[in-house]
Amino acid sequence: MKLIIVSDNHGDTYYMEEILSIYENEVDSWIHCGDSEMKENHPLWQNYKTVIGNMDYATGFELERLVEFNENKFLVVHGHKHAVKQSNEEMKKRAKEEGVDIVFFGHTHIPSVEQEDGILFINPGSLTQPRDRNVGTYLLMDLDRDSEEVSLVFYDQNHNKLEELSASYSL
């Protein structure tokens, strides 16, 4: 199963649309980790599943979202209400309550992957306003539940693979 994960585009839909057109025939699900600054009725929400971020003014998005696809379940949060700039503890607590082993989040604008207590905490970075580099980032995740392997390939907004961030993990 392949997923695209994006976050923090802050009103700029160009890259979300471009990513959708590039991967539409090879990706099974699309996740957005908040701070889209887009209205609830934007056509991109027909594909991307999102949560509310601290800069979102739309009221129709949830603070947390469980995304289920092919018997897989993921927790999606923006992170501003989960103290993600301090630690993963709040997200870890929610992941354990929901029985998930992968959490997607945003808010920091910095791509990262951490594994704690068997849970992967994945931040795709900011699609348009990165804080640790010159161009935005997004993530392509390939999950093989049979082998329990997760392949994470980070790309910059120009679709160049970021080898230094990309890796595989066991669940």
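Guide: Two strands pair if DSSP finds at least two bridges between them; strands (E, at least two residues) and helices (H or I, at least four) are DSSP runs, numbered from the N terminus. The model is predicted: local features need pLDDT of at least 70, side-chain atom pairs count only at pLDDT 80 or more, and totals for chains, interfaces and linings use all residues. Residues are numbered from 1 along each chain as its sequence is written, and side-chain values use heavy atoms, with hydrogens and water left out.

Visitor: Which strands stand at the edges of the open sheet?

Guide: The open sheet has six strands in the order β3-β2-β1-β9-β10-β11, with mixed pairing. Each edge strand has a single partner strand, so one side of each is left without a neighbour in the sheet. The edge strands are β3 (48–49) and β11 (167–170).

Visitor: Which residue takes a positive phi in the hairpin of β4 and β5?

Guide: These two strands pair in the antiparallel sense over six bridges, with E64 opposite V77 in β5. Their hairpin has two residues between the strands, and the one with a positive phi, near 50°, is N70.

Visitor: Which strands do the buried residues of α2 pack against?

Guide: In α2 (residues 89–98), M91, K92, R94 and A95 are buried, that is, under 20% relative accessible area with a 1.4 Å probe, protein chains only. They cover an arc of only 165° around the axis (by the directions from the axis to the C-beta atoms), which puts them on the same side of α2. Their contacts (heavy atoms within 4.5 Å) are with β4 (64–69), β5 (72–77), β6 (102–104), β7 (112–116) and β8 (119–123).

Visitor: Which residues have the most contacts inside the largest nonpolar core?

Guide: A nonpolar core is a set of buried Ala, Val, Leu, Ile, Met, Phe, Trp, Tyr and Cys residues joined through side-chain atoms within 4.5 Å. The largest has 23 residues, with at least two each from β1, β5, β6, β8, β9 and β10 (149–156). Those with the most contacts inside this core are F104, I122, M141 and L152.

Visitor: How many residues apart are Y23 and Y155, which form an aromatic pair?

Guide: The structure holds seven aromatic pairs (Phe, Tyr or six-membered Trp rings with centres within 6.5 Å; planes under 30 degrees apart are stacked, over 60 edge-to-face, the rest tilted). Y23 and Y155 form a tilted pair, 6.4 Å centre to centre with 55° between the planes. Y23 lies in helix α1 (residues 14–23) and Y155 in strand β10, so the pair links distant parts of the chain, and their separation in residues is 132.

Visitor: What is the relative accessible area of F104?

Guide: F74 and F104 form a tilted aromatic pair, 5.6 Å centre to centre and 50° between the planes. F74 in strand β5 counts as buried at 0% relative accessibility, and β5 is mostly covered, with five of its six residues buried. F104 is also buried, with a relative accessible area of 0%.

Terms used. Buried < 20%, exposed > 50% of the residue type's maximum accessible area, 1.4 Å probe, protein only.
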